[in-house]
Amino acid sequence: MTRSSVLLAVCGVAAAMFGFAAPAARTAEPVRIGIMWPLTGNAAAAGQASKAAVEVALDIINNAHPELANLPLAATTGLPNLGGAKIEVTLVDHQGDPSMAQQLTTRLVTQDKVNALMGAYQSSCSFTATAVAERYGVPFMVGESAALNITGRGFKWVFRGTPIASDYARTYMRFFADLKKQGRKIDSIAVVNENTDYGTSVGDAIEAEAKQTGVPVAIRIPYSASSTDVSAQVLQLKQKQPDVVIFISYTADSILYMKTMRNLDYRPPMVIGDDTGFSDPSFIPAVSDVAQGAMNRSAWDIGKPGSTTYKINEMYKAKTGRDLDDTSARNMQSLFALADAINRAGSTDPEKIRDALAKTDLKPDQLMMGYQGVKFDETGQNILAATYLIQLQGKQYQLVWPETAANAKLQWPMAGWTQ
Amino acid sequence: MVIMQVIVGGLLLGAIYALFSSGLTLIWGMMNFINFAHGEFVMLGMYVALLVVVGIGGGPAVFGIAAAGALFALGVVIYAFLIRHVLRGPMIAQILSTFGLALLLRYAAFWFFSANFVSLPGNALSGTIDLGGIFLPVAQVVAGSVAIVLTLLLQFLLTRTLIGSMLLAVAEDPDAATLMGIRPDRIQALAWGLSAGAAGIAGALLATAYPWSPSVGETFGLIAFVVVAFGGFGSVLGSLYAGLIIGLIQAASGFWLGVIYKDVVVYALFVALLWLRPQGLMGKA
């Protein structure tokens, strides 16, 4: 064998391995996106679930999926404005460590030369990683981290597709306004929050939004999530008689609240849990017999058979054996929004991608999530992000609001244990 | 009516505090040994109850006794393999050994049961009694009653029986006790078994009312220490009263001052009590 034929063979093998060989037409240079998540460590489960979701999203973008035609880029192969270029993702693991997220961002930008970035699950990691992206001038899509301070630092390169605390607060108020229109009584609400950063910030956002929309907050009860007894709180609520009680709680405490309310025979017209404890896998088995009708939020819904969301869920299920969850779905939606911007930019130039992101205007019917759209303000926050409300009926949550998307009827007042 | 509910609720909560403190009184109050793993014993009692309910079924009597038995055995084993040896070492070794034991048990539970919260399925203790507008959760009423019975049994054991006298003699002076024909090892092993067994019953009953994960021992362990110190070392009845008082204060201050202040009030009173009466409520100076 001559030296040149060896070289040719090696090239051939390499080409086959990397999939360069196939199309006769001139292949466009792939678009590289760097994504960082916790793939090991405490939050590994969330990172791994999102990883599977992104693989589904890449399949939808890179291959033709005419059955999902309402999503931009689904019907076509690759990004049409870039000559059908495919998206390649470099996925790295920051283990939930903010300083590692910082180093990995530098590596993705300088060595892997990615065109855009996405991540990073933990707010603390998104916070440090976005600062690096800003320095290098590479667009960073924050997939689903919720802390307020990630946007609003005057950054030009940071965008966030997911709803944050104030969006959830606005959703609750719109829900109340809807109920009032239907003639239901919402004279006052109560906000019960665990007293660390999470509960306090969400509680503040809800109180502020309630004030603005003229819904009186009868009582605000901060408490420690490690309490072994919550009777005092429940008795306080019982005295004030609010029409809705909103809980911003972790797992043990939300279960304890539901049980204590039953023990003290206190059943308000409605209880709304702000995700977290109410979404914990142990919540429904523990309290489904006493908390019938309790509400929760989720921006993701599987939807009716045949719908786009249902088909996406089937694809995800075929890969993982599980239904798609809210967190991973929000990440998927953020990646779709980023890909749409890159396609509109028609280029892998970071500056052009950034400008296209800033002009993003996706309508509700172009999304897989229950947002009212994707449109970024000057801080990079999606101002049309919103969420669905779901209700515990039997042994699972059903989507009950907004009515246009609902698959079950809202039960009001909640039945609690009286069924 | 609300005042009555607050008072009743506080007393029931206090009875539960007394319940999971009773085992600690024996080891710490009587034998003068600080057991940091007490909260973990309670936690293991909760998991034993869950395993029994899920594995073979049965009501509170079944899983309560199973938890007591399992923890009694564990208490004896821990004495034989750990405590017996560190007793010969300096005080600091005793403290660190049970602290290490607590971490070992907690993280073993994480490994074995995972960090997810669990709770017992509905059972005979799930209901509520309505006394004309005052609500008494059955689980808490039973836990409170068992606490009182356990405390009285323990008090009887220590003051009226031969075994009790032997326990006290060994605690007082193991060498002198040996000379009197008592075998300190056996007596101490029994004390550890009883202490852990009481924690096991407490755990099984708590499991009927609370969701938990392997870190629950931290929360309950701390309260147990405060209850025993408040009640006074060496007084079994003292920790029953202390539990009731602390429960009552927590409920009242939580309701009228706000829940974030309830622990401040309790610990302020605790410090004040120790300042005025360092031996605790009923301890001997």
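**Reading the sheet and the helices**

Reply: In chain A, strand β4 (residues 140-142) runs parallel to β5(A), and 3 bridges join the two. Strands (E, at least two residues) and helices (H or I, at least four) are DSSP runs numbered from the N terminus, and two strands pair if DSSP finds at least two bridges between them. Within this pairing, F140(A) has V158(A) in β5(A) as its bridge partner. This is a predicted model, in which local features need pLDDT of at least 70 and side-chain atom pairs count only at pLDDT 80 or more, while totals for chains, interfaces and linings use all residues. Residues are numbered from 1 along each chain as its sequence is written, chains are lettered from A and ligands numbered from 1 in the order in which they are written, and side-chain values use heavy atoms, with hydrogens and water left out.

Me: What is the order of the strands in the open sheet of chain A?

Reply: Strands of a sheet pair through backbone hydrogen bonds, either parallel or antiparallel. Here the order is β2-β1-β3-β4-β5 (chain A), an open sheet of 5 strands with parallel pairing. Its edge strands, each pairing on one side only, are β2 (87-93) and β5 (158-160) of chain A.

Me: Which strands does helix α4 (residues 123-136) of chain A touch?

Reply: Contact means heavy atoms within 4.5 Å. Helix α4 of chain A packs on the sheet and touches β1, β3 (116-119), β4 and β5 of chain A. Its direction makes about 160 degrees with that of β4(A); angles run from 0 to 180 degrees between N-to-C directions, and axes are lines fitted to C-alpha atoms, for helices over the stretch in contact.

Me: How is the packing of helix α5 and helix α8 of chain B described?

Reply: Two packed helices are described by the angle between their axes and the distance between the axes. For α5 (residues 138-160) and α8 (residues 184-207) of chain B, the angle is about 170 degrees and the axes are 10 Å apart. The pair is therefore roughly antiparallel, a term for angles over 145 degrees. Residues V142(B), A143(B), V146(B), L150(B) and L157(B) of α5(B) meet L194(B), A198(B), I201(B) and L205(B) of α8(B).

Me: How many helices and strands does chain B have, and what share of its residues is buried?

Reply: Chain B comes to 11 helices and 2 strands. Buried residues (under 20% relative accessible area, 1.4 Å probe, protein chains only) make up 53% of its 285 residues.

Terms used. Parallel < 35°, antiparallel > 145°, perpendicular 65-115°, else oblique. Buried < 20%, exposed > 50% of the residue type's maximum accessible area, 1.4 Å probe, protein only.
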